[in-house]
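Welcome, and thanks for taking a look at this one with me. Have the model open beside the text, and we can walk through it piece by piece.

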Amino acid sequence: MSHLATAGKMTGIMAAFISYTAKNLPDDVLARLEALRSQETEPLAVEIYSLMFRNLQLARELDRPICQDTGYMQFWIRCGSSFPLIGELEGLLTEAVRIATAETPLRYNVVETFDEVNTGTNTGTGAPTFWWDIIPGWDGCEIYTYPAGGGCSLPGHAMVLMPGQGYEAVVDFVLERMTSYGLNACPPLLVGVGIGTSVETAALNAKHALMRPVGSCSENERVAKLEQLLEDGINAIGFGPQGLGGRHSVMGVNVVNTARHPADLGVAVSVSCWCHRRGRITFDSDLNYTVSTHSGFDMGGSK
Amino acid sequence: MIEVRNGRTILTTPVSESDLARLRIGDVFYLDGELATGRDSVHERTVYEGKDLPVDIRDKVLMHAGPIVKQKEDGGWEMISIGPTTSMRMEKYEYDFVKATGVRVIVGKGGMGPSTAAACRDFGAIHCVMPAGNAVVGAVCTEEILGGHWLDLGMPEAVWHCRVRELGPLIVTIDTSGRNYFEEKKTEYDRIRREQTELISKQVHFTK
């Protein structure tokens, strides 16, 4: 297959994957929502979960986006340095977004800043978003797809604390954000917390935290302890599904951390709504692919 | 009009202030009739630029929503997905918006603040939430898109005039007396949050 034809093939797979993930939740999210639903006793919360599951079923049956806010596409690319299409990835993913927008259809969610004009294609200046990690020597490529919703991007917040304020201030920072903004962001939420040295590193860590599976925990014992404490603490607040009250307010809390300057403790929070539509697809150099998030996705090319 | 049908409370447009007097915060109902969607730009245009909303929503419904619609071959519109957006973004405009349009019911997501509560009390309106992210249910409840206006604002921001049947469940979050479900709940949430912050803080003293 020519280089151009391979790029075309990958574009088609990615367009189909973006479209599929707008209509079907990842397996881990679905499993967690089912578990939370079964533990809910408040009548209003029970009714809300029934509606959510009826909606998920209708989305499958009618082949439509689960939520009208199909997000602003963001890609976290973990690309092998020897992946044949490394140079074409940004172009082909942008094209995949254009195709998925027309065919799904996705809502137009990209507005040029200052000009304040909706581009109508879900592409624009710096849109979609790309974050890159290069994996030396590998010839494959792993792509996380994430349609960032408007409502659930709104609670996003980052700041740099003084180390003397300690992790105690991190707890305060995260919990305050839950009652001021989180309850309007379509709970039960997945909460991503990033710890780093500056606002940029903390914020990107928080986004990476949202890409980790629901129910996973950090390998660092202290971080895992903080994840559990925050999860229990936010659940105890009791804002529940849609902020109207209930037993569980979150699907989980994931914390990702990197090292800091001795004088700074960067912290960020980024949340996802219950409709957490992240996807993960991994290609080998022949474009055979595996999807770890959605067992139902198969267009004939999976391994 | 307000009635009970098959065990469901149904509110039908046009809605009068006395219809709403029976609905209090926490009550659940469903909606029949006409609504218009409107988000940030629609509020900006009506409240700050003084333009008339292209759809008369007096005694009817405003939904904070930006749907996915598809144009049909005959030029009409098909509703693909519709659900509410974060209402709080419209808080700064809502008192003047309710006053100018005479809207009775605002459907959105999450809470709104004291200005909207004042508007509900002063002009006899309510704010309610539809559990969000349930946009296919919303589309199935939409019988017809009667028109699309201000399309220059883009698909999510335009005014979509719709006829709906049993849209819901809708939960009353601000009633005509100005009581605010989320604000009342928030007091309790904030109290527990402070307790939890203190409790957790005792267990995370990692800095040296």
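Let us start where the two chains meet. In this predicted model, 45 residues of chain B are in contact with 50 residues of chain A. On the side of chain B that touches chain A, the elements giving two or more residues are strand 5 (68-71), strand 6 (77-81), helix 5 (135-140), strand 10 (159-174) and helix 6 (181-201) of chain B. Helix 6 of chain B gives the most to that side, with eleven residues. Sorted by class, the side of chain B that touches chain A has 23 nonpolar, 16 polar and six charged residues.

Now turn to chain A and its open sheet. Five strands make up this sheet, in the order 4-1-5-10-11 (chain A), and the pairing is mixed. Strand 4 (129-135) and strand 11 (289-291) of chain A each have a single partner strand, so they stand at the edges and one side of each is left without a neighbour in the sheet. From one strand to the next, the twist averages 15 degrees. Helix 1 (residues 3-23) of chain A lies across four of these strands, namely strand 1, strand 5 (141-148), strand 10 (279-283) and strand 11 of chain A. Against strand 5 of chain A, helix 1 of chain A runs at about 40 degrees.

Is strand 7 (residues 189-196) of chain A mostly covered or mostly open? Strand 7 of chain A is mostly covered, as eight of its eight residues are buried. The burial applies to both faces: Leu189(A), Val191(A), Val193(A) and Ile195(A) are buried on one side, and Leu190(A), Gly192(A), Gly194(A) and Gly196(A) on the other.

In general, strands of a sheet pair through backbone hydrogen bonds, either parallel or antiparallel.

| Strands of chain A | Sense | Bridges | A bridge pair |
|---|---|---|---|
| Strand 7 and strand 8 (residues 250-257) | parallel | seven bridges | Val191(A) and Val253(A) |
| Strand 7 and strand 9 (residues 265-272) | antiparallel | seven bridges | Gly194(A) and Ala268(A) |
| Strand 1 (residues 72-80) and strand 4 | parallel | seven bridges | Ile77(A) and Trp132(A) |

Notes
Residues are numbered from 1 along each chain as its sequence is written. Chains are lettered from A and ligands numbered from 1 in the order in which they are written. This is a predicted model: local features need pLDDT of at least 70, side-chain atom pairs count only at pLDDT 80 or more; totals for chains, interfaces and linings use all residues. A residue is buried if 20 or more other C-beta atoms lie within 10 Å of its own, exposed if 12 or fewer, and partly exposed in between; C-beta atoms are placed from the backbone. Helices (H or I, at least four residues) and strands (E, at least two) are DSSP runs, numbered from the N terminus. Two strands pair if DSSP finds at least two bridges between them. Axes are lines fitted to C-alpha atoms, for helices over the stretch in contact, and angles run from 0 to 180 degrees between N-to-C directions. Two residues are in contact if their C-beta atoms, placed from the backbone, lie within 7 Å. Ala, Val, Leu, Ile, Met, Phe, Trp, Tyr, Cys and Pro count as nonpolar, Asp, Glu, Lys and Arg as charged, and the others, Gly among them, as polar.
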